[in-house]
Structure formats: C-alpha cells, structure tokens
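Hi,

Here is the structure I promised to pass on to you. Please open it alongside this message, and my notes follow below.

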Amino acid sequence: MKYAFFPGCMIQIRYPQMEAAVRKTVPELGIELVDLPELGCCPDPVFFKSLHKLDWLTLAARNLVIAERAGLDYVTICSGCTETLAEAAHLLNDDADLRARVNERLATIDMSYEGTVHARHLITVLRDEVGLDAVTATVKKPLEGVRIAVHYGCHLLKPRAIMQVDDPDHPTIFEDMLAAIGATPVDHTERIICCGKSCRDCDLPEQMTRTVLESIHAADVDIMGVICPSCFDSFDTGQLKLARKFKLGFSIPPVYYFQLLAVAQGLPAEAVGLDRHKIKPEKLLVGAGAG
Amino acid sequence: MSVGDQPVKINHAFREELGLVLEGDGVNYCYQCGACVGDCPSARFSEDFNPRQIMLAVLYGLEDEVVGPDSPVWQCSNCFTCFDRCPQDVKPIEVIIALKNLMGERGIVPKGVDRLVDGLMQTGRSAKVTSATHRRREELGLPPLPELDLEPMRKLLEAAETEGEEPE
C-alpha cells in the first residue's frame, strides 16, 4: 500500500517523535509512505481559516493537487491536517463554481484541482485497509495490563458527513486499535469532549483540558491515548501549567497512538522519544508487556 | 449577548457582507431550534457563548455584537459538533468562522492569532523551526526538514489579493 505522506507542521517541527513513531512502525504493516517535499502547511483549520477562509481553501487545494500529480492518496497523522484536507476536497468536489474559482487561482502556478485525491488519518487506514488482525500480527510485546483512556479530539471524527470515520458520539476506532496491540482501553465520562485548544479570549482551554484530565484521573489509568499533536500539546505542556495553577495533585502521561504501536512492535521507548516527554509514561519506559 | 429590548431593524447590508464569505450565508436557514447548543463545549463552560444566540444576532444583523471587539465568537472551540447537530445544515461553526473573517478585515484579531498567521504566510509552516528542531529530528533518525520553495504559495496569495480587480 503506497500513500503520499502528509506529516504536518506541528508534528514535523514540535513533536518529531510522533513522525518517528509513524515512519518506524508502518513498514511492518506493509505501508509505503512517499515524501512530497513541496508540501506547505495544510493550512491549519482553525486560525488561518478564521482569518482568510478562501486563502485557506486555496492553499489546501494546492496540497491536494501535489498528491494528485503523484497519483496517490494522502495519509495524514494529525487530526487538524486531516480535517483541512478532507474538508477542502469536500467543498471543491461539492461546488463546481467554487472549484472554478479556486482553479482560477491555482492556474497562476500552473495547477488544477481534479478531485481525484482522498485524505485519511493513518489510524483510519490501519483499521480499514491494513485491518486489525494484521496490526496485531506485527505486535511482539503486547501492552498487556497497560490501562489507557482515550481522548478522541474533534477533527478525526467531525464533521461526520465529511470525515466518515466513525460515529462521533459513540466512536470505537481508537479503543479497537488499542485492543489490537494488547492494551486495555478504559472508558471515562468525558471521552469525546474537545481539549479546548482553539478557544481564544477566555479561560475555556484550561476548563476543558482540566475537565478531560479529571475524568481520566477518575478512571485510574496508566496513560491517556491521543491521536493529534494539538491535543497532545494541551495535555503535555498544558497539563503542567494546569497542575501548577490548580494544584491538581496527579499527572497523566499523554501518548500518541503510533508511539504505543512502536513499543508494542518491540521498539525501545527511546526510539520514539518517550523518554523525552514532559510527563513520562513510566509504564512504557520500564518495559511494557515484558511481564 | 442580547438582542436588546428595542424593536430590531434588520441590518441587511451586514448579512449581505457576511454572505460573501464562503458559507457565511448558511445562517439564512436557521430557525432557532437550539440543537447547536446542547453539546457545544464552549456553551457548557461559558455564559458568554451560545451558538443559537450568535445565529439570532446575525439574522438581525447586529454587527457590533458579532464582529465588534466584544464579540464572543473567538470562544468557539472549532469542534464541529454544531455542524453535525444542525437539522438545517446551517453549519453554525462555518458562520462563526465567516464572522471571524470579517473581524480580521476590521483589524480585530485576538492576541497571538495574527502572529501565527503571519508566520505561516512568511514560512509556509505553522510552527517555528529552530536549531533544536533539526537536532531533535536527527536524534530520532528522521530525514532533514525539506527546504520549502515559498514562491508558489506567495503567488496564490497574491492572486487572491488581486482577484476582482481589473487587469492593467
């Protein structure tokens, strides 16, 4: 299976351990990632879109065309990139006038969007194309006894009609993928609420992040699983700030799904940067599943 | 946010201006059912943010309330729950994003957001590359970050700026 790889700015620049985890785990799964060096920011579906929506769509369209020209579909590894690319393709495929308008802009750089490309998050590709059993078959050290609560975040699943991944109110994809690598998914009450990272001019980010953390704390877990670098940011540096401000009295290590997969595939935790996280996932560092 | 006690004269000019932003006209289909509110995380934690009330203010064309300096729209979490819930396909989140676009045009942008967007315009990326970035990537065995040719992205943004102008 060959895909155009869309690593995204935040992961490439701020959290390269996530990119390392992806690059080191996918060969085992029969996935080949093709790098396209001319890719710019997706662009970000919150701030850039909020100031210049048509520019946002145009730059996203350029990224879509780059994969179209390579004759490949995208895999993304950040929920924000996934949302931008999937929504941009949806808007352009759905509205001929809008597509003509954007193509007029793209013509200035000799490009044209044709509507042949799909963008999906890698976790969706693992479920739908690789298959859960095939993922399990790559596991050498199952994460037995590791209790993990999931934070879904928003943009992997919503808007539902565009993302077409799972029921955003009752998703199971993340828990299914955790079970596939031997971990124990643990339910909690605020599983699908937003981390709050995009709110501005208010104290909503800390209220939402705190609500998620307290819900997960009550579930008594070793790790919280995330699938998006923005959510990770909220629960990594964001959690440290909250802990100081509100004297939380607990800490929960956030870990990106593909870092968990890497450890389950037998890679050392250091190879995917887990030893450098601000809140260290001790359960993985001491040798998960080694028993 | 309130629509006040006085009889409201609808400001159609503002609604037309909003309608020019992509998906800003979805609000025309809003019948004020409130389905967007129940699962809105921002409405849950903030008394100032209520997507139904924002849609109502837009329907009246209460410009100052929705794009003035005290507009609550930047409290939106961008979670897309209202997009999924709305029975009329209003896409309240997209109407709110259109309102933010108008705020940007009026020069009212929250601290930090303009810096982030300027950075993206200048580097093509939405995060800042430092020497530590390169070092960390190398330690993890990752390929170097590709040098980005900014020319195509600049050209696209320039094409946007001159759109609608008569060719010289």
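At roughly what angle do the axes of helix α2 and helix α14 of chain A cross? Before the reply, please keep in mind that this is a predicted model. The axes of α2(A), residues 16-25, and α14(A), residues 257-264, cross at roughly 45° and come within 8 Å. The crossing of the two helices is left-handed. On the α2(A) side, the residues involved are Q17(A), M18(A), A21(A), V22(A), K24(A) and T25(A), and they meet F258(A), Q259(A), L261(A) and A262(A) of α14(A). By type, the residues of this contact split into 6 nonpolar, 3 polar and 1 charged.

Next, the contact between the chains. Chain A contributes 50 residues to it and chain B contributes 49. On the side of chain A that touches chain B, at least two residues each come from α1 (9-14), α2, α3 (47-51), α4 (53-70) and α11 (204-218). The largest share of that side, 7 residues, is supplied by α4(A). Sorted by type, the chain A side has 25 nonpolar, 11 polar and 14 charged residues.

Now to chain B itself. It has 9 helices and 0 strands. Its radius of gyration is 20 Å, whereas a compact globule of 168 residues would have one near 15 Å. Along the principal axes, the C-alpha atoms of chain B fill a box of roughly 65 × 50 × 30 Å. Buried residues account for 40% of the 168 residues in chain B. Among contacts in chain B with a separation of 6 or more, 69% join residues 24 or more positions apart.

Most residues other than glycine have a negative phi, and most peptide bonds are trans. In chain A, the peptide bond from C42(A) to P43(A) is cis, with omega near -10°, and P43(A) sits in the loop between β2 (32-35) and α3. The bond from K158(A) to P159(A) is cis too, with omega near 5°; P159(A) is in the loop between β5 (147-150) and α9 (160-163).

Two glutamines have a positive phi. For Q164(A), phi is near 50°, and this residue lies in the loop between α9 and α10 (173-180) of chain A. Q164(A) counts as exposed because it has 12 C-beta neighbours inside 10 Å. Q32(B) has a phi of about 65° and belongs to the loop between α1 (12-19) and α2 (41-45) of chain B. With 12 other C-beta atoms within 10 Å, Q32(B) is exposed.

Best wishes

Key. Residues are numbered from 1 along each chain as its sequence is written. Chains are lettered from A and ligands numbered from 1 in the order in which they are written. This is a predicted model: local features need pLDDT of at least 70, side-chain atom pairs count only at pLDDT 80 or more; totals for chains, interfaces and linings use all residues. Axes are lines fitted to C-alpha atoms, for helices over the stretch in contact, and angles run from 0 to 180 degrees between N-to-C directions. Helices (H or I, at least four residues) and strands (E, at least two) are DSSP runs, numbered from the N terminus. A crossing is left-handed if the near helix is turned anticlockwise from the far one by less than a right angle, and right-handed if clockwise. Two residues are in contact if their C-beta atoms, placed from the backbone, lie within 7 Å. Ala, Val, Leu, Ile, Met, Phe, Trp, Tyr, Cys and Pro count as nonpolar, Asp, Glu, Lys and Arg as charged, and the others, Gly among them, as polar. The radius of gyration is taken over C-alpha atoms; the globule rule is 2.2 Å times the number of residues to the power 0.38. A residue is buried if 20 or more other C-beta atoms lie within 10 Å of its own, exposed if 12 or fewer, and partly exposed in between; C-beta atoms are placed from the backbone.
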